[in-house]
Amino acid sequence: MNGKKGLSILVVIAVSFMAFNINWQYEYPGWTTTVNITGSLITFTRSDEMILVAKGKDSDVDYHKALGWMNLHDRYVQMCLYRLATLGLLTKHLPFTEASLKIDIKSNNLNSYGMSMKVISKLDATCLRNIQNFVDGVNAYLETHPRPIEFVLLNYYPEPFVVTDVVSLWIFISLSGLNEQSLSTEKILVEILAETDADLDILKTTFSPHLNGIDDELINIYKSLTNIRPLGDHDTSDLPKMTNSNNWVVSGTLSESGLPIMGADPHMVVSSFPNIFYEAHYIGEDGHKVFGISPSGTALTLMGRTEKLSWSLTFGMLDMSDYFVENIVDEQYERDGVFHPLQKRSVTIHNQTFLFYDTHEGHTIERSLDVSHKPLVDGKYLAARFALTDEGISGFIMPFKVEDVQSAQRVAKRNMVGVNMLYADYKGNIGYQQVGYVPKRTKSNGLLPQPAWKSENLWQGYLSGEDYHSILNPPEGFIATANNHIQAPGGPNVATFSLQHNRLDRITHLLKSKDKFNAEDFKRFQSDTYSLVAERVVNLIKPVLGQTAIEEELRNWDLRSTIDSRPAAFFKMFHEVLSRDILMKLFHQDEVRVDKYLKHCGYFMSKIVHTLTVDIPSFTTQEMLAGALTRTLAQYKGETYGDLEKVSFKNSAFGGLLPRWTGVDALDLPTNHCSECIKVGVKRSTAEGSIRYISQAWRMVTDMSTDVIESILVGGPSGNILSNIYMREIDLWLTDTYKKTHYQVAAEFLLSYVFNFINFFVIKV
């Protein structure tokens with residue numbers, strides 16, 4: 001019997017026998033319960049949209065208690081798995097897999113727990129109290145409810161949560177995703193410079209001015225490196241990561257209502273289910289009301305809305321991490337000719353001891369997995385350092401304490417994750433704040449790893465809050481960000497790598513397309529699949545297009561990805577072929593090596609391809625275009641875009657082991673998301689060969705003149721596989737259908753619960 005199939009059958013049998021002895025969750029609009037959480041009586045009710053609404057008295061205390069209880073109620077398994085992963089304890093408590101071993105090694109190498117202790121020691125009393133309140137809410141649920149089916153089957157009993165669990169997870173999220181992408185960019189540059197004959201002038205043009213300092217001495221240092229950890233060696237695709245996103249806001253001068261409108265759609269891995277984000281609604285008797293999302297288990301309201309303020313973020317592309325090159329002799333590292341002992345951490349993972357080494361500055365020596373259990377040998381190594389601060393958390397911890405744009409900008413300037421914050425308030429103000437914790441580099445620009453044995457190359461403190469760009473009420477009446485390079489005029493350099501401006505250019509075009517906008521316009525923009533990349537590349541290939549049916553369709557294509565579009569499918573195939581050709585020509589490498597680059601550093605490669613097709617079109621000759629076109633014509637068999645672009649949602653605990661008919665996974669769903677448009681959809685391969693899909697994990701639109709937030713959360717509110725709302729919003733996501741939430745719940749709204757209850761049981765049952 002096939003191992004996976006056999007396990008699936010056993011699991012299904014176990015579910016059948018144990019269904020009435022576990023955390024079976026069946027809820028309806030109007031379902032309600034009141035809970036005493038360390039002295040606070042808080043009432044929880046399912047809204048018409050099946051979001052949990054919490055009602056407390058003292059918001060300073062009850063908000064985070066409620067948020068913690070709601071998080072574990074709806075995301076029990078997810079929160080516990082995230083905790084085990086960030087602490088490097090998966091293999092200790094759960095069945096062993098190679099993927100869990102990689103995660104444990106990565107987490108211990110990152111040392112998020114050790115970092116959390118440093119952050120907690122610096123947190124102010126109010127912030128620490130709020131995190132403790134969140135933990136109290138989590139544990140109140142944990143102590144009074146049965147375990148979910150997944151943990152019953154695995155015989156795992158979760159321990160009570162503590163403050164370090166929450167802070168460790170936030171640190172892990174902050175340092176993962178595009179922060180890691182920044183390090184991957186540095187590493188791939190090292191590999192390219194050391195092992196290929198790439199055209200250095202083209203690389204300098206692509207990343208100008210950040211490669212201007214490259215010389216033979218530095219390249220020779222890269223060539224001498226010992227044991228470079230392979231790209232993807234510590235890939236952890238199922239864990240929460242900050243990736244790319246869109247957000248924009250218009251002032252009242254551009255809105256039909258006369259007050260600002262905001263739209264946001266953060267992009268995360270959506271193929272691992274449930275969604276990383278948790279959507280929650282809180283109403284306080286003291287007048288405070290909050291609706292927003294938090295990464296499950298973090299106590300931070302990253303994006304959302306109160307009566308007076310709305311806020312959203314995108315990843316800011318700030319360079320807050322670096323590789324250095326360390327010279328190691330006898331487990332000592334060099335500084336200006338003097339050697340110092342490395343700090344050695346010994347960790348037992350799955351009955352094997354692994355060794356991790358750090359310098360006193362916090363540079364962690366990087367080694368491949370196959371030697372991580374062995375003592376460090378002499379040589380030159382890449383070593384990673386991340387910026388870390390306790391500042392900036394309070395703005396996310398207590399959102400209703402900030403009531404206007406200017407106050408929000410002051411609170412948020414420095415944070416351990418680099419983001420672009422947009423704000424809108426009830427007074428009509430809109431604003432942008434660049435947020436981060438960027439190190440001062442005196443001899444380096446941050447993109448090229450420098451020799452750490454020269455102390456002049458080390459970080460020299462951090463930029464101040466005044467160094468980050470800030471905008472208030474711009475004359476054009478709107479602000480938009482999409483992971484583009486944003487620089488304060490005359491200020492220090494804060495970013496060395498950003499994504500190309502295709503999404504930003506398209507958003508800007510749409511925001512100039514009308515005199516006045518409404519919420520419906522913003523929802524339509526978030527569903528936009530027009531590709532500026534396709535517009536530019538199709539114009540390049542028109543001279544070499546022939547007369548076949550598909551070439552005629554491509555010539556007349558509207559440049560949008562729709563599920564039934566043949567030219568959209570053909571262009572997708574063509575652009576993949578052309579991208580490989582361009583990179584093979586640039587690096588003088590075969591398809592295998594180039595595919596590795598695309599697999600593990602796709603954003604970096606996309607930027608290079610964009611440069612060589614748009615900014616340096618002479619590189620991509622007519623012969624290259626014609627050759628790529630010929631090969632694509634040979635491959636194309638009449639597919640539509642929906643035949644090629646499909647997304648699967650797999651439960652993170654079971655990893656696709658259960659049969660399709662169980663309903664735990666949703667597989668091979670056609671979609672019209674595309675990699676280069678506002679409605680983003682990007683496929684990335686993991687080291688194990690599985691596919692992760694990065695897309696709009698949450699969509700939100702709100703007009704400050706109303707009490708309405710319109711949103712779509714990929715999947716559903718609950719991560720409980722036995723819940724009736726487990727996959728409630730997948731269809732909404734696929735069809736661009738938004739639900740409406742009123743952050744002020746009127747008295748008559750409560751009466752609708754009675755009607756909904758009767759309607760559910762009398763009509764539907």
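The largest nonpolar core of this predicted model has 203 residues, and those with the most contacts inside it are Phe-44, Trp-69, Met-70, Tyr-222, Phe-277, Phe-604 and Ile-608. A nonpolar core is a set of buried Ala, Val, Leu, Ile, Met, Phe, Trp, Tyr and Cys residues joined through side-chain atoms within 4.5 Å, where buried means under 20% relative accessible area with a 1.4 Å probe, protein chains only. Helix α2 gives the most to this core, with 14 residues, while a second, separate core of 13 residues includes Leu-318, Tyr-437, Val-438 and Val-494. In soluble globular proteins, nonpolar side chains tend to be buried together.

Phe-44 touches, among others, Trp-31, Val-35, Leu-52, Trp-69 and Met-70, not counting residues up to four places away in sequence; contact means heavy atoms within 4.5 Å.

| β1 | 32-37 |

Ten strands form an open sheet of mixed pairing, in the order β1-β2-β3-β7-β8-β9-β10-β18-β19-β23, two strands being paired if DSSP finds at least two bridges between them. Because β1 and β23 (470-472) stand at the edges with a single partner strand each, one side of each is left without a neighbour in the sheet.

Residues are numbered from 1 along each chain as its sequence is written. Local features need pLDDT of at least 70 and side-chain atom pairs 80 or more, whereas totals for chains, interfaces and linings use all residues, and side-chain values use heavy atoms, with hydrogens and water left out.

Notes. Helix = DSSP H or I, 4+ residues; strand = E, 2+ residues; numbered from the N terminus. Buried < 20%, exposed > 50% of the residue type's maximum accessible area, 1.4 Å probe, protein only.
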